[in-house]
Amino acid sequence: QVQLVESGGGLVQPGGSLRLSCAASGFSLDDYYIGWFRQAPGKEREGVICITKSAGGTYYVESVKGRFTISRDNAKNTVYLQMNSLKPDDTAVYSCARGRGGKPYNYCSRFVFNYDYWGQGTQVTVSS
């Protein structure tokens, strides 16, 4: 049974940091690309960052470059999203998702339809 479980969200002051975790079960992370998405109130879900099967990172939101980093621990079957220098605009529900199979090792996507399993999401609130 495929499952993705996010954790690590919470309330943080502007300029603070959080590390989100996406624990996967039922499949091996290094066989799929994994994306982090976020959805702010009243806005559409957007792809933030993705990690390929070969563990390369791809950013989709210009504003997070230099602040967010994606990584993967194959032994723990977990993907991490390290978020530094957080801003109020980063407030959203963050979700991880598994990419569809059969893609090249360096493939990633920012589009929701290219993902087949989703976690339940974790709330990140950046506020003073």
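D116 and R98 pair up in a salt bridge, with their closest N and O atoms 2.9 Å apart (a salt bridge here is a side-chain nitrogen of Lys or Arg within 4 Å of a carboxyl oxygen of Asp or Glu). This pair links distant parts of the chain: D116 sits in strand β10 (residues 115–118) and R98 in strand β9, 18 residues apart. Strands (E, at least two residues) are DSSP runs, numbered from the N terminus.

Keep in mind that this is a predicted model, where local features need pLDDT of at least 70, side-chain atom pairs count only at pLDDT 80 or more, and totals for chains, interfaces and linings use all residues. Residues are numbered from 1 along each chain as its sequence is written, and side-chain values use heavy atoms, leaving out hydrogens and water.

By the salt-bridge rule, the count comes to five. Here are three of them:

| Pair | Closest N and O atoms |
|---|---|
| D116 and R98 | 2.9 Å |
| D90 and R38 | 3.0 Å |
| R67 and D90 | 2.8 Å |

D90 is in the loop between β8 (78–83) and β9 (92–99), while R38 is in strand β4 (residues 34–39), so their bridge ties together parts that are 52 residues apart in sequence. R67, in the loop between β6 (57–59) and β7 (68–73), is 23 residues from D90.

How accessible are these side chains? Buried means under 20% relative accessible area, exposed over 50%, and partly exposed in between (1.4 Å probe, protein chains only). D90 is buried at 1%, R67 is buried at 8% and R98 is buried at 7%. R38 is buried too, whereas D116 is partly exposed at 27%.

Finally, salt bridges with shared partners join R38, E46, R67 and D90 into one network.

Terms used. Helices (H or I, at least four residues) and strands (E, at least two) are DSSP runs, numbered from the N terminus.
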